[in-house]
Each structure stands twice: as structure tokens, then as C-alpha cells.
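The entries below are in the order in which I looked things up.

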Amino acid sequence: MTEPIVLCENLVKIYKVADLEVVALQGLDLEVLPGEMLSIVGASGSGKSTLLNILSGLDVPSAGRCVVDGNDLTRLTPTQRIHYRRHIVGQVWQQSGRNLLPELTAEANVELPQMLSGVGRSQRLRRAHELLDMVGLGDKYQKKPVQLSGGEQQRCAIAVALANAPRVLFADEPTGELDSVTASEIYKLLRSLNEQLGLTIITVTHDAALAANVDRTIAIRDGRTSTETVRRESELEELHEHMQEASAIIGLSAKTHRESILIDRAGRLQLPKEALERLPFNGRAEVRITEDHVELWPLLPETNGNSKHGVATSRENEE
Ligand SMILES: Nc1ncnc2c1ncn2[C@@H]1O[C@H](COP(=O)(O)OP(=O)(O)OP(=O)(O)O)[C@@H](O)[C@H]1O
């Protein structure tokens, strides 16, 4: 079995602000396989950036386990952390000011991380040109960020992030400041780099529609993974009744994507908000375990087993 390149187990992050504690991640589990292109979606404040900051080595978890390409992020020494950030992971941020130095040309921006790693000038230049060609900036080597469009700046940022050939690329809202056409082009570029280089890519986005561009989307709610959406190998011709319900979770068609609720090792899951809003659970549910699925029913006085209010939380053999 292929080992995951990213593994988070029961990850917890608590921020202390004055006397207050903010629990940003509350026991998050995540596995990503080498070569996967994954998107993390979730409402503002759900913990996406916190997770990405931990994975990219900028922050440390309060508890739990987090291993990326064999590096245990709870145990790195400061020197190992610098090596990890320079060589194992690459990052692209939403604001181009965080990705590129304004006074340097595109070429020099891609040279910089290599220079910090001790790569010689001719090799640096060769690599910078190779990467700028790959991201579609073959005619912009000498342009400074201000002379590039927003989309070109993000292309350049991707080249910078790949300068030291990382094993995993993290992109936090890489298209947040771009129009939808340019955003979709950046996702296509990320997809082609993922396929050409076999690079593992994890992006964070508010925009569930962009999730259609990746293999798998994980939704985070309140610091925990809640649902997973996987692109189907081939489009379904027909949908079962219950599958149309499922497609509402992040807004992609159940014909093209298969959605599931994630159940952690302790058996915890988060019901979709839609189910919570539509059905009167009031914090508790009647559980019915059958041979091949589990049903959760609101505790209505008149519930007699024939109510239409049931929500199936696990169905096997759905296709
Ligand atoms: N440095 C910090 N100090 C204190 N609290 C923080 C800090 N960073 C994040 N938080 C809190 O942790 C929770 C998760 O924040 P996080 O930024 O990870 O969410 P997010 O899903 O990335 O949100 P957004 O989409 O708005 O960027 C929020 O309640 C936030 O206020």
C-alpha cells in the first residue's frame, strides 16, 4: 500500500490570546497520497490556514501527529525546520507581495531560494528559465512584478515555490485576488504541473467551484474534516435518489463527483449543515444500524420507522 506523503492524526491547534484560548483545529485527521492534487475548502475561520501553516512548517501543532514526507513536524529542530521549509515544501500565498520581491526580476525571484540553498549561478539561471518557461512566462524573464498582470505574478510565484524542487506544494487561496477566468487558468497550470512533475499539491480555497479542478476536495468545519468529494473516473448516467441529496454538500454534481462524510477514528462525523437545518435533530438522533447502512432519525414523538425525515449517514454499494 502507498504510504501517505502527508499524514495528520488528531491534530489540535490552540491559539492563546491574552486569557482566551481559540481552538482552531480540534482533532483533525488527513491523509494525502504522493502525486495527489487536493483542495481544502471551508468557511472563514474553519481552520484552513491554520492547517496549511502547520503543514508548511510555519507553525507547530498543540497536540496530535503531523508527518510530511517522513518529517515529523512536532519534532523538528530549528535547523531541520529550515531545511524542511526550503527543500521539502513550496508555498504560494494569495497576496503576490508575500510571494515575490518587487525590486527583483522574475528570473532573480526564482533564483533567490536557490541562492539561499547554495546553488551556483549558472545552475540557478538554468533552473529559473526552465521553471519560467514551464509556467508560461518564457518571454518575461526580465520583468519585475509590477510589470506583470495578477495572473502572471501568481505564475511567477509558482515558479519561485518550485525553485528548490519541493515534494509538496501548498497554495493558500492562490487565486483569491484574480478574476474567475484567470483563476481557472492558474488551476489548470497547477493541474499540469501536478501531472508533469508528479508533484503533490494542496490548495486552500473559499471557492468550492474551483474544487472541480482537483482530484479530491476535503471540507473543513470547525477545525475538523467533515466531508470529502472525489472526482469520478467516468460520469454517471443516472443518480439514485439519495445521491442528489449528497451533491448539495459542496455544490458539485453527484454525476461527476462522489461525496462522502468523513468518520474519524473515534467514530465522530459532522452531519451536513443542510441536514441539521432541515431536520429537527435538537442535538440527538435515533440510530438504526442495518446490515449495510446506518440511519439517523430525529427524535420526533410520532417517529415510527416510516417517517420521511431520516438521514442515512452511511450507505455501501451505492453504485
Ligand atoms: N494567530 C492567531 N491567533 C489567534 N487566533 C487565531 C490565529 N490564527 C487564526 N486564529 C483563529 O483560529 C480560527 C481558525 O482560523 P483560520 O485562519 O485557520 O481559518 P480559515 O479557515 O483559514 O479562515 P479564512 O478563510 O478567513 O482565512 C479562527 O477562529 C481564527 O480567528
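What follows are my notes on sheets, helix contacts and the ligand.

**Entry 1: ground rules**

I note that this is a predicted model, in which local features need pLDDT of at least 70, side-chain atom pairs count only at pLDDT 80 or more, and totals for chains, interfaces and linings use all residues. Residues are numbered from 1 along each chain as its sequence is written. For element names I use DSSP runs numbered from the N terminus, with helices being H or I of at least four residues and strands E of at least two. I call two strands paired if DSSP finds at least two bridges between them.

**Entry 2: the four-stranded sheet**

I began with an open sheet of four strands, which pair antiparallel in the order β2-β1-β4-β5. At its edges I found β2 (20-32) and β5 (71-72), each pairing on one side only.

I then went through the pairs. β1 and β2 run antiparallel and are joined by ten bridges. Val12 has Gln26 of β2 opposite.

Cys8 has Cys66 of β4 as its bridge partner, and Leu7 is partnered by Val67 of β4.

**Entry 3: the seven-stranded sheet**

Next I looked up an open sheet of seven strands, ordered β6-β7-β8-β3-β9-β10-β11, with mixed pairing. β6 (89-92) and β11 (257-261) are the edges; each has a single partner strand, so one side of each lacks a neighbour in the sheet. Direction ignored, neighbouring strands here are turned by 20° against each other on average. For angles I take axes as lines fitted to C-alpha atoms, for helices over the stretch in contact, and the angles run from 0 to 180 degrees between N-to-C directions.

One pair I checked was β7 (residues 168-172) and β8 (residues 200-205), which run parallel and share five bridges. Leu169 has Ile201 of β8 as bridge partner.

**Entry 4: where does helix α1 pack?**

It packs on the seven-stranded sheet, touching β3 (37-41), β7, β8 and β9 (216-221), and its direction makes about 150° with that of β7. A contact here means that C-beta atoms, placed from the backbone, lie within 7 Å. Helix α1 (residues 48-55) also lies across β1, β2 and β4, running at about 65° to β2.

The shell has 13 residues, and the closest are Tyr15, Ala24, Ser44, Ser49 and Thr50. β1, β2 and α1 are the elements that give two or more residues. Which element gives the most to the shell around the ligand? That is α1, with three residues.

By class I noted four nonpolar, eight polar and one charged residues in the shell. Here Ala, Val, Leu, Ile, Met, Phe, Trp, Tyr, Cys and Pro count as nonpolar, Asp, Glu, Lys and Arg as charged, and the others, Gly among them, as polar.

**Entry 5: two helix pairs**

The axes of α4 (residues 106-116) and α5 (residues 121-134) come within 9 Å and cross at roughly 125°. The two helices, α4 and α5, are therefore oblique to each other. My cut-offs were under 35 degrees for roughly parallel, over 145 for roughly antiparallel, 65 to 115 for roughly perpendicular and the rest oblique. The contact residues include Val110 and Met115 of α4 and Leu125 and Leu131 of α5. Those of the α4 and α5 contact divide into seven nonpolar, one polar and four charged.

For α6 (residues 150-161) and α7 (residues 180-197), the axes come within 10 Å and cross at roughly 20°. α6 and α7 are therefore roughly parallel. Among the contact residues are Gly150 and Ile158 of α6 and Ile186 and Leu189 of α7. The contact of α6 with α7 has three nonpolar, four polar and two charged residues.

I finished with β12 (residues 286-289) and β13 (residues 293-297), antiparallel over four bridges. β12 and β13 form a hairpin with three residues between them, and Glu286 stands opposite Trp297 of β13.

Terms used:
Two residues are in contact if their C-beta atoms, placed from the backbone, lie within 7 Å. A residue is near a molecule or strand if its C-beta atom, placed from the backbone, lies within 6 Å of it.
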